Amino acid sequence: MIHATIRTDGTVARKDVIGAIFGQTEGLLGEEMQLRKLQRTGRIGHVDVVLHQNKGKVRGEIKLSTSIDQIQTAVIGAALETIDRIGPCNASIKVLRIENIVSVKRDTVIDRAKELLLSIVNAGADESRNILEEVAAVLNLDKEADYKGMTAGPNVTKSEGLIIVEGRNDVLNLLKYDIKNSIATMGSGIKPELLELAKSKKMVTAFLDGDRGGKLLLMEISGVLGKALTHVAFAPQSREVEHLEMKVVTKSLSQKETAGKVVARIQSQMNREDDRSVGRGSEALETPDEVKAWAGMLDGLKQNQAVIIHEDGSGSDPIGASKLQETLAESSNPQGLVFAGKVTGKIFDYASGAGIENVLGTSVGKVTRKSGVQAYSTEDL
C-alpha cells in the first residue's frame, strides 16, 4: 500500500487527481508498468483520494494498493512524485511510506489470536470464581442495614462514596461482591434523608437498570439531589442491577460518567421520543411576560453568544456557542435561555437537555417548538 500526500495551490476535485495519476504516468514507466493496464489485470487496486479544501487550496491523502513486488511498487511511488500539475493548478505529491499489507495483516491475526486465547482462559477462571461467589453469598445475606427506612450496605455512612440503586435486591447483589456502600431508593420517591446523606459524600453514583425505568429513576434522583449527584452508571441494555455478575458490575461502575452530561443526554433523548409520539409544530403563542423581561439581556451580546437565566431571574455572564452545552449541563435548575442568533435544532437540544422550557432568540426558524422547548424571537415581543 502506497501512502502519499497531495497539495495544490488551487481547487481541484477527486476525479482530477485520479485522472492526473493515470494520465501523467502513462508512457513514463513503459508498457508493462502502465497503471491502467495493471489495474485491469488486478495488480493494483482502487486509488483512494481524500481532499480537504481550505482558502482556495487543497490538502489531501492518496492511498494506492498493489499486489506487485516491492521494486515495482517503489517505482510507481516515485512516478507519483513526478506529477507537478493537476488541471490548472500547481501540485505536489509526496510519498510518506510504502506499507507491507501482508505484514500488517499478520500482526493483526497475532493480536486477535492473543485476545481470543485470553478470553478462553478467563472464561474458565470465571466459572470457578462464580462457584466461590455463590457459596460466599450465603455469608453476605445478613450484612444489609437499614438507613432511615432504606435498605443499605453496612458502610453506607462511613464510606466517602455512595452508590444509589433502585431496590433491596440491588443492594444484596452488590453485597455479594463486597460492595458495601450502596443504598436503595425503595421505589417510593426520593426521601429527604437520602439527599442529606448524599450531600455529606465526596462522590455519589446512581447505578441503575439499563431500561427506560432506569432512565426515569435517574431523572427523579437528579431532580432531588441536583449537584450532590456526581456520576451515573447503567447496567447493560435491558438488564437489571440485581441480576448482574461480578465482572459486569465492575465494568459498569468503571464506565460511569459525570451526572450532568448523562442527565442532559437522556433528557434530550426522552424529549425526542415524545416528539415522535405526539409530533412537533410551530405553535403561535403569546410571549409570556417573563420571557419579554429577558429581552434586555440581548443588549451587548455578540453574535451566537448566550445568557442562562437563573432561578432568581438573573442572567449569567455571556457564554460562547462552543461552551454553551457544557455550561448548561453544569447549571443548577436553569429557568431559561437567551441566545443572540437564530434558534436552531442544536439550541433546542441544548435547552431540552438542561430542562429549560423557554428560549428567546433574535430569530426562530419554521419550527418554534421542539423537544418540550418553546422558542420566541424578538419579533414576537
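Lys180 is partly exposed, with a relative accessible area of 23%; residues are called buried under 20% relative accessible area, exposed over 50%, and partly exposed in between (1.4 Å probe, protein chains only). The partner of Lys180 in a salt bridge is Asp178, with the closest N and O atoms 3.3 Å apart, a salt bridge being a side-chain nitrogen of Lys or Arg within 4 Å of a carboxyl oxygen of Asp or Glu. Asp178 is exposed, at a relative accessible area of 52%.

The model is predicted, so local features need pLDDT of at least 70 and side-chain atom pairs count only at pLDDT 80 or more, whereas totals for chains, interfaces and linings use all residues. Residues are numbered from 1 along each chain as its sequence is written, and side-chain values use heavy atoms, with hydrogens and water left out.

The protein has 381 residues, of which 39% count as buried. Its secondary structure comes to 12 helices and 17 strands; these are DSSP runs numbered from the N terminus, with helices (H or I) of at least four residues and strands (E) of at least two. Among contacts between residues at least 6 apart in sequence, 62% join residues at least 24 apart, where contact means heavy atoms within 4.5 Å.

Side chains of opposite charge can pair when their charged atoms come close. The whole structure contains 7 salt bridges. One of them joins Lys202 and Glu160, at 3.9 Å from N to O.

Asp349 is partly exposed, with a relative accessible area of 24%, while Lys370 counts as buried at 15%. Elsewhere, Glu257, Lys261 and Arg265 are linked in a network of salt bridges.

Helix H12 also packs against helix H11 (residues 321–330), at an angle of about 15 degrees and with the axes 9 Å apart. The axes are lines fitted to C-alpha atoms over the stretch in contact, and angles run from 0 to 180 degrees between N-to-C directions. H11 is therefore roughly parallel to H12, a term for angles under 35 degrees. Leu324, Gln325 and Leu328 of H11 make the contact with Ile347, Tyr350 and Ala351 of H12.

Leu328 is also among the contacts of Ile308, which, neighbours within four places in sequence aside, include Ser314, Gly315, Ile319, Thr327 and Leu337. Ile308 lies in strand E13 (residues 306–309) and counts as buried at 1% relative accessibility. Between Ile308 and Phe339, 31 residues apart in sequence, the C-alpha to C-alpha distance is 8.8 Å.

Technical notes: Angles under 35 degrees count as roughly parallel, over 145 as roughly antiparallel, 65 to 115 as roughly perpendicular and the rest as oblique.
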